[in-house]
Amino acid sequence: GQHTDQINSNRPGETMSAFAVGKSVIQIETGVYGIKQNHSLLNYDANGFGIDATLRWGLFMEKLELIADIQYQNEKYTTLFNSSKRADFKQTVLGAKYLIYDPFKNYEKKVNIYSWKANRAFNWRQLVPAVSVFAGVNFTMADNPYSFSVESSISPKIILITQNHLGDGRWVFVTNIIADYISTDFPSYGYVLTLTRGFNDKWSGFVENQGFKSDFYSDAIVRGGAAYLLNKDMQIDASISTSFKDTPSALYGGIGFSWRYDATYKEVRI
């Protein structure tokens, strides 16, 4: 099964993990962030805050997860001659994730009682990733200030997800390859790479690189942060992000909370 003893949240990074939360499990991951932007060519500043929320629901089977991902942003937009406020849903995505391949299924690491060296040797199997695919749709309302079009639209979003557990699980490396707004005039293609390290039973930290490119907007972002486990079903987190370029430059800082409801979960035995 995909269910774990402790909550496994995608926060505070932006990657989507390969594994589902487990059949009948509901998980909420939400947070608030502040943003500061400056465009060196267009001479504008944008400062504000945002709220993001992801609802994950394991449905029908262990490998399947339904996902609702929503982001709302409110900011003050200032140019040389004008100042205005804009606020709307920056992202509204509904979709599903399915685990295609699990390298840990039907596998048990064997202990060699005759060789300490053999037990300490590098396990090449950890280089084989778990593989999942996400398919969903973007919903964009009319006159959205964060959209490239003034008209309403519904467009596909597809993500190829891989996940490796390195160093007997102490390190987790997740890759997302993303095709977004595919059917529109401005499709976006990108990637997110996240490396997470568990320091002990409570603390973990991560570093992340995200890049995306389209005719509407392109950027490269580096991100880092930490998470703390309050109990087996609750986690808090904090992160900071910055862009590599100055058209615009962007600085984000945020805190978040994740909660899991698994009272109706029934253990899957193989």
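**Buried charges, a cavity and paired strands**

User: Does Lys-157 count as buried or exposed, judged by its relative accessibility?

Analyst: In this predicted model, Lys-157 has a relative accessibility of 10%. The cut-off for a buried residue is under 20% relative accessible area, and therefore, at 10%, Lys-157 counts as buried.

User: Which residue forms a salt bridge with Lys-157?

Analyst: The closest N and O atoms of the pair are 3.9 Å apart, and a salt bridge requires a separation within 4 Å. The pair links distant parts of the chain, with Lys-157 in strand E6 and its partner in strand E7 (residues 171-180), 23 residues apart.

User: Which elements give two or more residues to the lining of the largest cavity?

Analyst: The structure holds one cavity of 30 Å³ or more, and the volume of the largest cavity is about 30 Å³. Lys-157 belongs to its lining, together with Met-16, Ile-67, Asp-69, Val-93, Phe-134 and Ile-159. The elements that give two or more residues to this lining are strand E3 (64-78) and strand E6 (153-166).

User: How many nonpolar, polar and charged residues does the lining of the largest cavity have?

Analyst: The lining includes Ile-67, Val-93 and Phe-134, but also Asp-69 and Lys-157. Asp and Lys count as charged, whereas Ile, Val and Phe count as nonpolar. Taken by class, the lining of the largest cavity has five nonpolar, no polar and two charged residues.

User: Which residues are linked with Lys-97 in a network of salt bridges?

Analyst: A search of the whole structure finds 12 salt bridges, and in one of them Lys-97 pairs with Glu-65, with the closest N and O atoms 3.6 Å apart. This pair links distant parts of the chain, since Lys-97 is in strand E4 (residues 83-101) and Glu-65 is in strand E3, 32 residues apart. Both Lys-97 and Glu-65 are buried. In the network, Lys-97 is linked with Glu-29, Arg-56 and Glu-65.

User: How are the rings of Trp-203 and Tyr-228 arranged, and is the pair stacked or tilted?

Analyst: The structure holds eight aromatic pairs, and in one of them the rings of Trp-203 and Tyr-228 have their centres 4.8 Å apart. Trp-203 lies in strand E9 (residues 203-213) and Tyr-228 in strand E10 (residues 219-231), so the pair ties together parts that are 25 residues apart in sequence. Trp-203 is partly exposed, with a relative accessible area of 44%, and Tyr-228 also counts as partly exposed, at 27% relative accessibility. The planes are at 55 degrees, so the pair is tilted.

User: Which residues make up the covered face of strand E11?

Analyst: E10 and E11 pair in the antiparallel sense over 10 bridges, and they form a hairpin with two residues between them. The uncovered face of strand E11 (residues 234-243) has Met-234, Ile-236, Ala-238, Ile-240 and Thr-242. The covered face of strand E11 is made up of Gln-235, Asp-237, Ser-239, Ser-241 and Ser-243.

User: What is the bridge partner of Thr-242 in E12?

Analyst: E11 and strand E12 (residues 249-261) pair in the antiparallel sense over nine bridges. They form a hairpin with five residues between them. On the uncovered face of E11 stands Thr-242, and the bridge partner of Thr-242 in E12 is Leu-251.

Conventions
Residues numbered from 1 in each chain as written. Predicted model: local features only at pLDDT ≥ 70, side-chain atom pairs only at ≥ 80, totals over all residues. Heavy atoms only, no water. 1 Å grid on protein atoms, 1.4 Å probe; cavity = no way out; pocket = protein on both sides within 12 Å on 5 of 7 lines; lining within 4 Å. Points joined across faces, edges and corners; volume = space filled by probe spheres on them. Helix = DSSP H or I, 4+ residues; strand = E, 2+ residues; numbered from the N terminus. Phe/Tyr/Trp six-rings, centres within 6.5 Å; stacked < 30°, edge-to-face > 60°. Buried < 20%, exposed > 50% of the residue type's maximum accessible area, 1.4 Å probe, protein only. Salt bridge = Lys/Arg side-chain N within 4 Å of Asp/Glu carboxyl O. Pairing = 2+ DSSP bridges.
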